[in-house]
Amino acid sequence: MSKNVRLVHQALMVFTILAGFLSAGVALADEVQLGSDFIPLTKDKPYIHVIHEGRSIRVQRVQDPDYELKGYFAKTARKCPPFCIQSISPAPGVQAIGEVELFDFMETDLRDGKGLLIDARTPAWYKKGTIPGSINIPFTHLTKTADDPEVLDAFELFGVKEREEPGFFEKLLEEWGWSKNPYLTDKWDFTSAKTLVLYCNGPACGQSPRAIRGLLKLGYPADKIRYYRGGMQLWQLWGLTTVVPNE
Amino acid sequence: MEGGAALHSWRWNRQFLSSVLGFLLVVGILGYSAVALSADDYLSALEAEAGKVDVELNEPDSATNPGTVSQSAEQGGQALQSQKKEGLASQRANFESLLKKHYFGTYGFYRKLPERSRQEVFEEYRRGVGMDKIRKKIVSRLLQH
């Protein structure tokens, strides 16, 4: 009996060791497949996956070391106005972000449905290619008045709720400044509103700054808005994956 | 006499007020159209610029995002058909080199397929089908062949 137990014990040990070797082999195979010359997104992030139009897209850098950006986004000069170099932040309180922060956003807020990546360009631009995970809400939709159907649709998508009439005491406390929820305006409740990252063609593009200023005018909290100033130009300069949206 | 002067003054004031109102109205209309025009001008300039960007379907050498997924290289370039054809050819070459590099066995099977099936597999790759499915398709086409 004890011999059998010992045998089973030994078999289990052998199995465990084999499983260990096997998993190490699988991990190694994955590493080998990436290769030592693989150019990652960041030091500790080879690539990321984002969902675009229901499909998982791998976002990575172009692996060709001789790759050079060509075409429209390689141009350094554009007529100014209207295509003038934009300030780092389009409005006070709005945080400007770079690619690394955008990768993090894609892996956290965007994946969890707590954030939206918005390509604020007009559809003519969007259909030529966009950043995976983006939705297209042209800046022209976000620079309208609060009762405009396009604004209402966008706000619904952003998780903004129309505010219910506050009670007598609530109103009183707010008037006295004792109860100030920064996410409440007279018309809107931004408490559950999503974090938005807006971008357009790049540092010389005014479309997303206009959209951001429009959102702020509508009362959207500045701390729930991010501005990816690099836009399509810098995204492509780093050789990052773009997608051509479906019609 | 006083009544006449008052009437004259009232008429003058009325004329003055209507002139001022007329002037303000004209300035308002002009100002509004200037703003509207500048917004329109901006949109027109945007549309004109958008026309300068073209979509190419080149894939980078190590592309793992198939189908409608394109990388930055695809954004540049001109809209000439011949270049697009070249782009497709190079994309297919890239797809084949990707197979050869990462899935050598599958690449061997792919080579044995007739051109029609190879083209079919490549089209699937361009449509965004995952590599697992692409590899299964190659094997299935080989078995059918």
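This report walks through a predicted model with chains A and B.

## Ground rules

Residues are numbered from 1 along each chain as its sequence is written, and chains are lettered from A, with ligands numbered from 1, in the order in which they are written.

Chain A holds 8 helices and 10 strands. Helices (H or I, at least four residues) and strands (E, at least two) are DSSP runs, numbered from the N terminus. Of the 247 residues in chain A, 43% are buried. Buried means under 20% relative accessible area, exposed means over 50%, and partly exposed lies in between (1.4 Å probe, protein chains only). Take the contacts in chain A with a separation of 6 or more: residues 24 or more positions apart account for 69% of them. A contact means heavy atoms within 4.5 Å.

Chain B has 5 helices and 1 strand. Read from the N terminus, its elements run α-β-α-α-α-α. Chain B has 145 residues, and 33% of them count as buried. For contacts in chain B between residues at least 6 apart in sequence, 59% join residues at least 24 apart.

## Chain A: a buried threonine in a loop

Thr42(A) sits in the loop between α1 (2-34) and β1 (48-52). Its relative accessibility is 16%, so Thr42(A) counts as buried. Its side chain makes a polar contact of 3.1 Å with the side chain of Asp44(A). A polar contact is a pair of N or O atoms within 3.5 Å; within protein, one must be able to donate a hydrogen and the other to accept it, and residues adjacent in sequence count only if both atoms are side-chain atoms.

Which residues does Thr42(A) contact, leaving aside its neighbours within four places in sequence? They are Val100(A) and Phe103(A). Thr42(A) and Val100(A) are 58 residues apart in sequence, and their C-alpha atoms are 7.4 Å apart in space.

## Chain A: backbone exceptions

Most residues other than glycine have a negative phi, and most peptide bonds are trans. Glu53(A) is not a glycine, yet its phi is positive, about 50°. Glu53(A) belongs to the loop between β1 and β2. Glu53(A) counts as partly exposed because its relative accessibility is 45%.

Now look at the loop between β2 (55-59) and β3 (95-97), where Pro81(A) is placed. Pro82(A) also lies between β2 and β3. A cis peptide bond joins Cys80(A) to Pro81(A), with omega about -10°. Another cis peptide bond joins Pro81(A) to Pro82(A), with omega about 10°.

## Chain A: helix α7

Helix α7 of chain A covers residues 207-217. Its buried residues are Gln207(A), Ser208(A), Pro209(A), Ala211(A), Ile212(A), Gly214(A) and Leu215(A). After α7(A) comes Gly219(A), with a positive phi near 105°.

Is Ser208(A) buried or exposed? Its relative accessible area is 0%, so Ser208(A) is buried. The side chain of Ser208(A) reaches the backbone nitrogen of Cys200(A) at 3.5 Å. Leaving aside neighbours within four places in sequence, Ser208(A) is in contact with Ala120(A), Leu198(A), Tyr199(A), Cys200(A) and Tyr227(A).

## Chain B: a buried lysine

Lys137(B) lies in helix α5 (residues 131-144). Lys137(B) counts as buried because its relative accessibility is 17%. The side chains of Lys137(B) and Glu120(B) form a polar contact of 3.2 Å. Beyond its neighbours within four places in sequence, Lys137(B) is in contact with Glu120(B), Val121(B) and Glu124(B).

How values were computed
This is a predicted model: local features need pLDDT of at least 70, side-chain atom pairs count only at pLDDT 80 or more; totals for chains, interfaces and linings use all residues. Side-chain values use heavy atoms; hydrogens and water are left out.
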